[in-house]
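Subject: Structure handover

Hello,

Here is the structure for your files. My notes on it follow below.

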Amino acid sequence: MEEFFLSPHFNDELQPLSGAYEVLQRLKKDFTLHIVTARQAKLEQTTRRWLQRYFPDTFESIHFGNHYGGPGDRIRSKYEMCADINALCLIDDSPNYVFNCMRHNLRAFIFGDYAWNHDKNLPAAMIQEGY
């Protein structure tokens, strides 16, 4: 991961999904948008530059969980960060983060059609509850 974070693929070439800006602008009309990310705090400057470039004035705040930090780094779960900002829901591409939030009764939705989010099934109780 460290190699990727230092590469041009991460720093210069990473592109947002087509149409993402427009969808987020529509959502912003009705909701206050925050970013809750597992990224390391040391990527904050790079992340903020990328967001300013592709999503100016879109997000109220960004919160870093530092999930891949080094020894002694403070790590925060996505649920903890969501609770801090009184989030209504989490939209994430990771079933692990979605399930964690749902276990704490925070609505959460899996986003995207990726290999890493196909290998887990939603518990039937969560589907029946309308999550």
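E44 counts as partly exposed, because its relative accessibility is 31%. The cut-offs are: buried under 20% relative accessible area, exposed over 50%, partly exposed in between, with a 1.4 Å probe and protein chains only. This is a predicted model, in which local features need pLDDT of at least 70, side-chain atom pairs count only at pLDDT 80 or more, and totals for chains, interfaces and linings use all residues. Residues are numbered from 1 along each chain as its sequence is written, and side-chain values use heavy atoms, with hydrogens and water left out.

E44 belongs to helix 4, residues 44-54. Helices (H or I, at least four residues) and strands (E, at least two) are DSSP runs, numbered from the N terminus. The E44 side chain makes a polar contact with the side chain of R48, at 2.8 Å. A polar contact here is a pair of N or O atoms within 3.5 Å; within protein, one must be able to donate a hydrogen and the other to accept it, and residues adjacent in sequence count only if both atoms are side-chain atoms. H63 is 19 residues from E44 along the chain, with 9.2 Å between their C-alpha atoms.

Helix 4 has two sides. T46, T47, L51 and Y54 are buried. Seen down the helix 4 axis, the buried residues fall within an arc of 130 degrees, so they line one face. That arc is taken from the directions from the helix axis to the C-beta atoms. Exposed Q45, R49 and R53 sit on the face turned away from the buried side.

**Strands**

Strand 1 (residues 34-37) pairs with strand 2 (residues 61-64) in the parallel sense, over four bridges. Pairing requires that DSSP finds at least two bridges between the strands. H34 stands opposite S61 of strand 2. Strand 1, helix 4 and strand 2 form a right-handed β-α-β unit. Right-handed means that, with the strands pointing away from the viewer, the path from the first strand over the helix to the second runs clockwise.

**Cores**

The largest nonpolar core has 12 residues, among them V36, M81, L90 and F99. Such a core is a set of buried Ala, Val, Leu, Ile, Met, Phe, Trp, Tyr and Cys residues joined through side-chain atoms within 4.5 Å. Helix 5 (78-84) and helix 6 (95-103) each supply at least two of its residues. Helix 6 gives the most, with five. Apart from this core lies another of eight residues, including L24, I35, I62 and F64.

Just after helix 6, N105 takes a positive phi of about 65 degrees.

Best wishes
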